[in-house]
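We start at a pocket and then follow the strands, a helix and the aromatic rings.

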Amino acid sequence: YFKTNDNKVATRLVKHVRTKGGNFKGVCVSACLGYFGIKPDQYKYTWSKVAGNNHLAIFRRFGWAVRSRKSTLIKGSKTVASVCKEIAKYTDYTNDVMYLIHVKGHVLLVNSNGRVVVDTDPRKVDRRKVCNVTAIFKN
């Protein structure tokens, strides 16, 4: 268990899990999934050699809607800090929307106010380049 930045208690992996077949369960993704009540023993892996990132399919399987916000929130080369500011100004379908921010080799979760709620590798000043932003909300 770990405590998120908004004081929610969630489950996550303690360390990465790699299988012989090349599949992978990551700590950062398990923490983000855990925030939504999806425990690490409820899915096999979050990345595979065949399909690549699998965590969006896991969200869908557990009743969450997943929509890309890349074209809306990322214009040019954006950092995590600047995308969080954009998220705070952005109006989405619902107030209960959360955003997965993908950076190279890592994922973090941000609420609709632009506040980071789950990050297993936090930074005081976050200048990591954002690859993708995905909105997560109840289906």
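A pocket here is an open set of points on a 1 Å grid over the protein atoms alone, with protein on both sides within 12 Å along at least five of seven lines; a cavity is a set where a 1.4 Å probe fits but cannot get out, and lining residues have an atom within 4 Å of a point. Grid points are joined across faces, edges and corners, and a volume is the space filled by probe spheres set on the points. The model is predicted: local features need pLDDT of at least 70, side-chain atom pairs count only at pLDDT 80 or more, and totals for chains, interfaces and linings use all residues. Residues are numbered from 1 along each chain as its sequence is written, and side-chain values use heavy atoms, with hydrogens and water left out.

The largest pocket has a volume of about 290 Å³. Its lining counts 15 residues, and those closest to the centre are Trp47, Asn53, Gly105, His106 and Val107. Helices (H or I, at least four residues) and strands (E, at least two) are DSSP runs, numbered from the N terminus.

Now take strand E8. E8 and E9 run antiparallel and are joined by 6 bridges. Two strands pair if DSSP finds at least two bridges between them. The two strands form a hairpin with 2 residues between them, and Gly105 in the turn has a positive phi of about 75°. E8 also pairs with E11 in the antiparallel sense, over 6 bridges. Ile101 has a partner in each neighbour: Leu108 in E9 and Val133 in E11.

How well is E8 covered? 6 of the 6 residues of E8 are buried, so the strand is largely enclosed by the rest of the structure. Buried means under 20% relative accessible area, exposed over 50%, and partly exposed in between (1.4 Å probe, protein chains only). In a regular strand the side chains alternate between the two faces of the sheet. In E8, Met98, Leu100 and His102 are buried on one side, and Tyr99, Ile101 and Val103 are buried on the other.

E11 (residues 130–138) has a further antiparallel partner, E7 (residues 64–68), through 5 bridges. Within that pairing, Ser68 is the bridge partner of Thr134. Asn132 also belongs to E11, and Asn132 is partly exposed, at 23% relative accessible area. Its C-alpha lies 9.0 Å from that of Leu73, 59 residues apart in sequence. The loop between strand E10 (116–118) and E11 holds Pro122. Pro122 counts as exposed, at 59% relative accessibility.

Turn to helix H1. Here 9 of its 9 residues are buried. Among them are Val27, Cys28, Leu33 and Tyr35. After the helix comes Gly37, with a positive phi near 85°.

The whole structure holds 3 aromatic pairs. The rings of Tyr35 and Phe36 have centres 5.6 Å apart and planes at 75°, so this pair is edge-to-face. Rings of Phe, Tyr and Trp (its six-membered ring) pair if their centres lie within 6.5 Å; planes under 30 degrees apart count as stacked, over 60 as edge-to-face and the rest as tilted. Tyr35 is buried at 9% relative accessible area, and Phe36 is buried at 13%. The rings of Phe36 and Trp64 are also edge-to-face, because their planes stand at 70°, with centres 4.7 Å apart. This pair links distant parts of the chain: Phe36 is in the loop between H1 and strand E5 (47–48), Trp64 is in strand E7, and 28 residues separate them. Tyr35, Phe36, Phe59 and Trp64 form one aromatic cluster.

Two lysines meet these rings. Lys8 lies over the face of Tyr35, 4.2 Å from the ring centre. The charged end of Lys138 sits over the ring of Trp64, at 4.5 Å from its centre. A charge sits over a ring if NZ of Lys or CZ of Arg is within 6 Å of the ring centre and within 35 degrees of the ring normal.
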